Structures are given as C-alpha cells and as structure tokens.
Amino acid sequence: MSGSGERADREDSGFEERMRELLAEDAYAVRPSPAPYPAIRRRGLAERRRRVAVTGAALMTLAAVPVGAYAVAEGSGGRADTAVPKPSVSTPHGPAGSTGPGGGGPSASSAPAAPGGPARPATDGQLLDGITFARAADGLAKCLDAESGPPGSAADLGEAGDYRIILAIGSTGDSNAPGDGVYVAAVKERPAGRWVVCSVKDGVASGISAGAIDASVPGAGPVSVDANSGELYQQSSIDKGHWKLPFRWGVFGTVEASVAEVTVSYGDGGPVTATLDHGWFVAAGLLDRQVTLAPHVKGYDKAGKQVYDSDQDGTYRRTLP
C-alpha cells in the first residue's frame, strides 16, 4: 500500500512539474508583442507638425496628412469650370434630379451605392478630376480599415457604409507630405455633423482626419465650417509663399434647412455656388495664385436674404497659417 502511495506521489510530482513547464512555454508564446514605436513616433511627429485640435473625434494620422491639392484642367494648366453645380432651391438638401457638369447627365443620387458601401453624393459634379465613385468609395474603405480605432472606442470611425461621400478631388504632395493622390470627404449622419477626410496615394490609404461640427454651440450661425477640415483648401505652412499652382481646393460644412444657397469666394475668382447635399454644403475650384485668406463663405435664405457671412463669424479662421 505504501509503495502504491509513493508511486502516486511521484506521478503527481511529475505531472505538476510538466504542467509548470507547459505553462511557462504558453506564457512565453502569448507574451505581448513590443509596442509599434516607429508608427507611434510617425504619428507624434505628424501631429506636432499640424497641431490641429479635432472636435468630437481623434485625429487619426499614422503618416502626415497632406494639406494641399491641385489639378490641371485637361493638362493645359488653365482654368476650368470647376464650380460644383447649383441645386434646385426647392430641394436644397439633395436634389434627386440634378445633373452633373454640362447638363444632361444623370444625378449621382440616381444610381445606388454598392451594398455595404458609402452613399453617393447628390450630384456627379462632386466627383472631380476624373475620380469615379467606385474609386472614391474604395479609398474611403481603405482609410477606415487602416486608421479607425478598435470598435466601440473613442477613435472608432465606423465603416464605409456609415458614410455619404460629398467630395472627391485630386491632391498633390507638399513639403509636409510628398506624393500626389486623392482626397475623399465623407460625412456621417449619426451622430450628426461627423466628417472624415481620407487621403489615398497610389491606391494606398495614407492618412485620415476626422472631426465634428456642433451646430448647437452658442453663437453658431445657420452655416458652419470646421476649420480642422482646412487641409482641403491650403497647402503646408512650410510652403507659405511657394504654393504649387494651379491649386485645386475644396471646402464643406453644414447648413440649416432655412439656407437655400451658399456661395464661396477664394482668391481672385468669382463666387462659386455650392451644392447642398443632405444638410451639408460643398464647393470646389482652382486657384492660380498664392492666397493668405481662407475661403469666404456666405449663406442666403429662400428669399435671397443673406443670413451668414464667414467674415462675421468669430469661430471661423479667416487667415491661413
């Protein structure tokens, strides 16, 4: 009997020793990987360069986000009729029957978006520089996959199907972020006012910025522009006085239902009439000279009365850095 007990003790001891060895091996196998220092350092450097405060969402930038864009009209270097088409006043928040540039073409909203993908803009005129909706949607999805935080976290930007694309334009690199590419601006209906600007270069997501426009802030007018979205209409401050021209610019913001028309003036060109798209306005154009002032935005009601002027908006940053 005692021999059996000793044998059992030895077996138990051997079993325990083996279990300790296995646990030690498992602990080594599941040891957390080292922190991605290069990626964290790149993000820190990019954010120190930009110093942009983002409202309502984190600035998600693993690489420096380009802050400039231009496009040459059919390779000639001259001006083109780049104003986003004016919608019908009777349907200011997304006209179903609007046409793209030149007229006669179908509205972007007449063709359904791919299942699970973003919604289309109100007009084809919001997709510029030869950028198709499929290309813009693919770029947005890539940016969100690459840059969005863990589900449920403050940095979770959601999926492409949560958004509506409102603008796509060509971009060019500058001293802060070299390399040509594409900008895609998209908005999220829930929560209201949420937007992202996605940068894609050579088919690869190169950065995304995000923010939110809170129209409930005291003193906010019927038209609101988030200054953090200014990367669409300015080049890097490093290149101040030496912008690459001609320069494609874009601007967007929110509008209240009472606003029937929004115009945007930038540089020497005349006012561009913005498209109103589901509570947002969006405009684009070309600059042929360096500027120091941000786009001048005005809003009008159905009677043609001016109800907003960005020059009188204390929350709007009029001077470029």
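## Basis of the model

This is a predicted model, in which local features need pLDDT of at least 70 and side-chain atom pairs count only at pLDDT 80 or more, while totals for chains, interfaces and linings use all residues. Residues are numbered from 1 along each chain as its sequence is written, and side-chain values use heavy atoms, with hydrogens and water left out.

## Overall make-up

The protein has three helices and twelve strands, taken as DSSP runs (helices H or I, at least four residues; strands E, at least two) and numbered from the N terminus. Of its 321 residues, 46% are buried, meaning under 20% relative accessible area, with exposed set at over 50% and partly exposed in between (1.4 Å probe, protein chains only).

## Helix α3

Helix α3 covers residues 133-147 and spans 21 Å from its first C-alpha to its last, close to the 21 Å expected at 1.5 Å a residue, where the expected span is 1.5 Å times one less than the number of residues. Its buried residues are F133, A136, A137, G139, L140, C143, L144 and E147. Viewed down the axis of α3, they fall within an arc of 160 degrees (from the directions of the C-beta atoms as seen from the helix axis), so they line one face of the helix.

That buried set packs against β1 (163-171), β2 (181-188), β3 (194-201) and β4 (204-212), contact being heavy atoms within 4.5 Å. On the other side of α3, A134 and D145 are exposed.

## Residue T263

T263 belongs to strand β7, residues 259-265, and is buried at a relative accessible area of 11%. Leaving aside residues up to four places away in sequence, T263 touches P271, V272, T273, H296, V297, K298 and Y300.
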